[in-house]
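Please look over the sequence and the model below before reading the notes that follow them.

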Amino acid sequence: MILGRFQNEADRESAKKTLAESAGLKDPILVRELVQLGITPAGLVAIHLTPLVLVAWAHDGVDPAERKQILKHSHQYGIQNGSSASVMLEHWLNHRPPATLYDAWKRYTKQELASLSKRPREKLARLIEQQMIAVAKSSGGHFGFGKISSSEQKLIDRVKLVLHEDEGA
């Protein structure tokens, strides 16, 4: 299984060190979580799509319209078909990701947001929110357009709390 190969590759001490250094990760718990998820330096960009994947999984599974929307956004992040990040993303779209993916995304995003000034931080938060809403609306409502379910909205609200957590400070 490809994910198992990624996990074995990521679990090596040298790979952990490379992941931490290449991504500027100072949190050893985050590095451990990423390694357990099978995320390598080449696949790390896929973590940015975690909120979109989780919105798609807010129901029983990822439907074709949600998949299409997520893959469209993956290309905006520079994820190329067949890359490590693409393989990771496809795995998450085909198999419900573990809860630890959200935890790793949250830690990673908090670190990323802390490194940004106010305007870029707000822009990134707005982008993620818009992308989540686009995924949620892609499969709901009348003829597949326009409705966000309560479970999708709860997840969107949960992610927004993370994105805006330190704004009042």
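This is a predicted model: local features need pLDDT of at least 70, side-chain atom pairs count only at pLDDT 80 or more; totals for chains, interfaces and linings use all residues.

Residues are numbered from 1 along each chain as its sequence is written, and side-chain values use heavy atoms, with hydrogens and water left out. The structure holds five salt bridges, a salt bridge being a side-chain nitrogen of Lys or Arg within 4 Å of a carboxyl oxygen of Asp or Glu. Helices are DSSP runs (H or I, at least four residues) numbered from the N terminus.

**Salt bridges between distant parts of the chain**

- E33 forms a salt bridge with R107, with the closest N and O atoms 3.5 Å apart, and this pair links helix 3 (residues 28-36), which holds E33, to helix 7 (residues 99-114), which holds R107, across 74 residues.
- E33 counts as buried because its relative accessibility is 13%, whereas R107, at 32%, is partly exposed; buried means under 20% relative accessible area, exposed over 50%, and partly exposed in between (1.4 Å probe, protein chains only).
- K110 and E165 meet through their side chains in a salt bridge at 2.9 Å, N to O, which joins helix 7, where K110 lies, to the segment after helix 9 (150-163), where E165 lies, 55 residues apart.
- Both partners count as partly exposed, K110 at 30% relative accessibility and E165 at 41%.

- The side chains of E122 and K118 form a salt bridge at 3.9 Å, N to O, and both residues belong to helix 8 (residues 118-137), where four residues, about one turn of the helix, separate them.
- E122 is partly exposed at a relative accessible area of 28%, while K118 is exposed at 55%.

**Packing of helix 8 against helix 9**

- Helix 8 and helix 9 pack at an angle of about 170°, their axes lying 10 Å apart, where axes are lines fitted to C-alpha atoms, for helices over the stretch in contact, and angles run from 0 to 180 degrees between N-to-C directions.
- The two helices are therefore roughly antiparallel to each other, a term that applies to angles over 145 degrees.
- Contact (heavy atoms within 4.5 Å) brings A125, I128, E129, M132, I133 and A136 of helix 8 against E152, I156, V159, K160 and L163 of helix 9.
- The residues of this contact divide into eight nonpolar, no polar and three charged; Ala, Val, Leu, Ile, Met, Phe, Trp, Tyr, Cys and Pro count as nonpolar, Asp, Glu, Lys and Arg as charged, and the others, Gly among them, as polar.

Notes. Angles under 35 degrees count as roughly parallel, over 145 as roughly antiparallel, 65 to 115 as roughly perpendicular and the rest as oblique.
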